[in-house]
Amino acid sequence: RSTQTHPMYYLIFSFILQEDTDHNYYTSKTYGPSDPMSKGLWVNIDQMDKDKVKIHGILSNTHRQAARVNLSFDFPFYGHYLREITVATGGFIYTGDVVHRMLTATQYIAPLMANFDPSLSRNSTVIYSDNGTALVVQWDHVHLQDNYSLGSFTFQATLHKTGRIVFAYKEIPVEVSQISSVNHPVKVGLSDAFVLVHKIQQIPNVRRRTIYEYHRVELTKTKITNSTAVEMMPLPTCLQFTSCSSCISSQISFNCSWCHRLNRCSTGFDRHHQDWMDSSCPDEVSVTISSLYIIIPDSDFDMMPADSAVDRVKGTHPLHTGLILGILLVMLIMIAGVLITVYIYHHPTSAASLFLIERRPSRWPAMKFRRGSGHPAYAEVEPVGQEKEGFIESEQC
């Protein structure tokens with residue numbers, strides 16, 4: 001179409017197809033099917049060097065499996081440099097350090113996370129290629145396990161050495177918003193989290209890890225169709241500053257603090273959060289947390305049973321008064337517990353919340369990684385030894 005013939009129409013049409021969004025850590029731009037950039041961002045693996053293209057045999061023939069892939073370059077993700085990622089059959093890349101069964105919860109790069117099962121078709125493959133400056137992962141002609149009749153999906157994620165991330169979609173037979181999330185989460189975007197390690201006093205040499213998601217990028221699912229693409233550019237973070245002067249004088253969207261004990265610039269909320277707290281780094285940090293889930297059940301508060309009080313006070317008027325006061329005290333404790341729970345849930349970065357995160361007694365109930373609706377378990381293709389740590393997940397209420 002000639003821009004000289006229809007200049008006004010062309011400009012309006014292009015504006016509708018492109019959308020810039022600021023996600024604090026990344027900016028994203030979405031390109032529609034008619035935008036030339038959509039085709040330009042799609043990487044044709046067939047035209048790449050055959051020696052650098054790998055079809056993962058196990059991932060291409062299994063369901064809910066994940067395999068580690070070593071990168072030939074340092075890939076910056078939320079300001080952290082990664083040399084290893086984990087490719088999963090479910091249309092996403094896991095970026096965490098420790099591989100566990102709950103890969104879908106946090107720390108992911110998801111062009112289209114869903115319940116894909118490459119074993120359903122001989123044409124389904126999981127392909128990746130590393131050319132030294134970028135890694136391309138392509139889920140090719142994969143089907144949904146719980147709805148094979150919808151057709152096959154073909155899409156890819158490209159991780160560039162600069163930190164730039166591209167999602168490109170070639171074949172999306174149905175609206176993403178219509179994909180069922182009953183048996184598997186459906187996500188499009190990014191997530192990162194920090195891990196806190198707790199020692200279990202009752203069991204020597206065993207530690208419990210709690211994962212807290214501190215930021216998430218959620219892309220609009222309705223814009224993911226055939227021949228579309230999303231380009232995400234990383235924004236500056238405090239971690240890039242290597243001196244005290246450059247850190248405290250930085251003018252970015254984060255309030256950076258310098259920790260002399262670690263020689264590190266940070267907001268306090270990143271993958272080094274454990275070190276930051278253990279080293280008593282600056283407590284006053286200002287950062288917007290998109291998702292930090294802390295669950296404190298009401299049962300964690302000790303309450304005196306009313307029956308025992310009745311046995312002690314039966315028969316005399318003064319003790320009846322004591323009984324009433326005891327019941328009132330229990331009610332006040334219960335109300336206080338509920339109010340504290342509500343406050344911490346809505347103020348996850350408050351001093352009280354962080355205090356409880358660091359000092360939570362091991363006797364408190366923990367939500368363990370488990371199989372269940374919306375929380376599928378992934379198995380690693382090539383496990384590297386037995387893990388002694390127990391994993392718990394702080395889930396969204």
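Mentor: A residue counts as buried under 20% relative accessible area, as exposed over 50%, and as partly exposed in between. Please keep in mind throughout that this is a predicted model.

Trainee: With those cut-offs, where does Leu 328 fall: buried, partly exposed or exposed?
Mentor: Leu 328 has a relative accessible area of 44%, so the residue is classed as partly exposed. Leu 328 is found in helix H6, which covers residues 317-346, and together with Ile 324, Leu 325, Ile 327 and Met 331 it makes a nonpolar surface patch of about 470 Å².

Trainee: How many aromatic pairs does a search of the whole structure find, and how should I read one?
Mentor: The search finds 15 aromatic pairs. One of them joins Tyr 25 and Tyr 78, whose rings are 4.9 Å apart centre to centre with 55 degrees between the planes, a geometry that counts as tilted. In general, a pair of aromatic rings is described by the distance of the centres and the angle of the planes.

Trainee: Where in the chain do Tyr 25 and Tyr 78 lie?
Mentor: Tyr 25 lies in the loop between strand E1 (19-22) and strand E2 (26-31), and Tyr 78 in the loop between strand E4 (65-77) and strand E5 (80-88), so the pair ties together parts that are 53 residues apart in sequence. Tyr 25 is buried at a relative accessible area of 6%, and Tyr 78 is likewise buried, at 3%.

Trainee: What is the geometry of the rings of Phe 116 and Phe 155?
Mentor: Their centres are 5.6 Å apart and their planes stand at 45 degrees, so this pair is tilted. Because Phe 116 lies in the loop between strand E7 (108-113) and strand E8 (125-130), while Phe 155 lies in strand E10 (residues 153-160), the pair ties together parts that are 39 residues apart in sequence. Phe 116 is buried, with a relative accessible area of 1%, and Phe 155 is buried with a value of 0%.

Trainee: Which residues form one aromatic cluster?
Mentor: The cluster includes Tyr 25 and Tyr 78, along with Tyr 26, Phe 75, Phe 77, Phe 194, Tyr 212, Tyr 214, Phe 254 and Phe 269.

Methods:
Residues numbered from 1 in each chain as written. Predicted model: local features only at pLDDT ≥ 70, side-chain atom pairs only at ≥ 80, totals over all residues. Heavy atoms only, no water. Patch = residues over 30% accessible without salt bridge, like charges linked within 9 Å, V, L, I, M, F, W, Y side chains within 5 Å. Areas by Shrake-Rupley, 256 points an atom, 1.4 Å probe, with all protein chains shown as cover. Salt bridge = Lys/Arg side-chain N within 4 Å of Asp/Glu carboxyl O. Helix = DSSP H or I, 4+ residues; strand = E, 2+ residues; numbered from the N terminus. Buried < 20%, exposed > 50% of the residue type's maximum accessible area, 1.4 Å probe, protein only. Phe/Tyr/Trp six-rings, centres within 6.5 Å; stacked < 30°, edge-to-face > 60°.
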